[in-house]
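This briefing sets out selected structural features, grouped by topic. The sequence and the structure are shown first.

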Amino acid sequence: MMEGNTRSPLCITLEAVLFASGEPVTVTRLAQACEASEIAVTAALKQLALWYDEQNSAICVQQLGDAWQMCTRPQFAPAIQRAVETKKQAPLSAAAMEVLTIVAYNQPVSKGFVEHVRGVDSSSVVNTLVEKELLMEAGRLEVPGRPIAYATTPHFLRCFGLNSLDELPPLPILAAENQSGSEETQEAAEP
């Protein structure tokens with residue numbers, strides 16, 4: 001039985017790795033990452049799981065086959081679901097609308113392209129829009145570094161009442177060019 005914070009350095013390291021990964025990690029991979037034997041890692045994981053149980057924590061460490069994962073206890077699922085749904089329903093910020101506009105009119109595009117157009121770091125905004133299912137990863141661009149390309153989703157179309165991207169309104173610059181082009185055509189047609 002572990003008392004207070006008397007966890008081994010290996011337990012603490014495993015806790016950090018599991019927390020950062022966010023998904024199941026095999027004992028083999030954990031042993032490599034922690035530079036420890038699989039036997040020592042397995043024993044430390046069991047101690048860590050016991051420690052969370054003794055603390056009556058909302059967090060637990062679970063074994064899933066030959067992998068382990070840090071997760072929340074099932075009884076907190078309804079509250080977590082409500083929090084995630086609330087986050088998805090939150091109104092879009094001006095920055096999010098800018099990013100959606102850039103992607104919708106230029107897709108598929110990389111985060112770097114969006115940042116170049118906006119002039120500011122847009123990683124968190126793009127990630128939030130992916131989480132809200134308004135943007136999705138659409139493969140990789142065939143440019144050096146092969147960055148992830150982003151595109152709008154069917155959910156984006158539904159949210160904005162569009163049947164297809166062809167229904168997007170023209171950009172103000174393009175609308176002005178089209179209007180001046182039609183005025184020139186009218187002037188040329190007049191005697």
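Helix α2 is followed by Glu35, whose phi is positive, near 50 degrees. The model described here is a predicted one.

- Helix α2 spans residues 27-34, and its buried residues are Val27, Leu30, Ala31 and Cys34.
- These four residues lie on the same side of α2, because the arc they cover around the axis is only 100 degrees.
- An α-helix has 3.6 residues a turn, so residues three or four places apart point the same way.
- The other side of α2 carries Arg29, Gln32 and Ala33, which are exposed.
- The packing partners of the buried α2 residues are α1 (9-21), β1 (25-26), α3 and β3.

**Gln69 in strand β3**

- Gln69 belongs to strand β3, and its relative accessibility of 18% counts as buried.
- Leaving aside neighbours within four places in sequence, the residues in contact with Gln69 are Leu18, Gly22, Glu23, Pro24, Cys60, Val61, Gln62 and Leu64.
- Between Gln69 and Leu45 the C-alpha to C-alpha distance is 9.8 Å, and the two residues are 24 residues apart in sequence.

**Salt bridges**

- The model has 4 salt bridges by the rule applied.
- Side chains of opposite charge can pair when their charged atoms come close.
- One of the salt bridges joins Arg7 to Glu15, with the closest N and O atoms 2.7 Å apart; both Arg7 and Glu15 are buried.
- Another salt bridge is formed by the side chains of Arg73 and Asp53, at 2.8 Å from N to O.
- Arg73 lies in the loop between β3 (67-72) and α4 (77-89), whereas Asp53 lies in helix α3 (residues 38-54), so this pair ties together parts that are 20 residues apart in sequence.
- Within this pair, Arg73 is buried, with a relative accessible area of 16%, while Asp53 is partly exposed at 47%.
- Arg146 and Glu142 also form a salt bridge, their closest N and O atoms being 2.5 Å apart.
- Arg146 is partly exposed, with a relative accessible area of 38%, and Glu142 is exposed, with a value of 69%.

**Nonpolar surface patch**

- Phe76, Ile80 and Val84 make up a nonpolar patch on the surface, and together they have about 220 Å² of accessible area.
- Ile80 counts as partly exposed because its relative accessibility is 35%, which falls between the 20% limit for buried and the 50% limit for exposed.

**Cysteines**

- A disulfide is a covalent bond between the sulfur atoms of two cysteines.
- The number of disulfides in the model comes to 0.
- Cys34, listed above among the buried residues of α2, has a relative accessibility of 16%.
- Cys159 has a relative accessibility of 47% and counts as partly exposed.

Definitions and conventions:
Residues are numbered from 1 along each chain as its sequence is written. This is a predicted model: local features need pLDDT of at least 70, side-chain atom pairs count only at pLDDT 80 or more; totals for chains, interfaces and linings use all residues. Side-chain values use heavy atoms; hydrogens and water are left out. Buried means under 20% relative accessible area, exposed over 50%, partly exposed in between (1.4 Å probe, protein chains only). Helices (H or I, at least four residues) and strands (E, at least two) are DSSP runs, numbered from the N terminus. Patches are made of residues with over 30% relative accessible area and no salt bridge: like charges are joined within 9 Å, nonpolar side chains (Val, Leu, Ile, Met, Phe, Trp, Tyr) within 5 Å. Accessible areas come from the Shrake-Rupley method with a 1.4 Å probe; for residues, only the protein chains shown count as cover. A disulfide is a pair of cysteine sulfur atoms within 2.5 Å. The arc is that of the directions from the helix axis to the C-beta atoms. Contact means heavy atoms within 4.5 Å.
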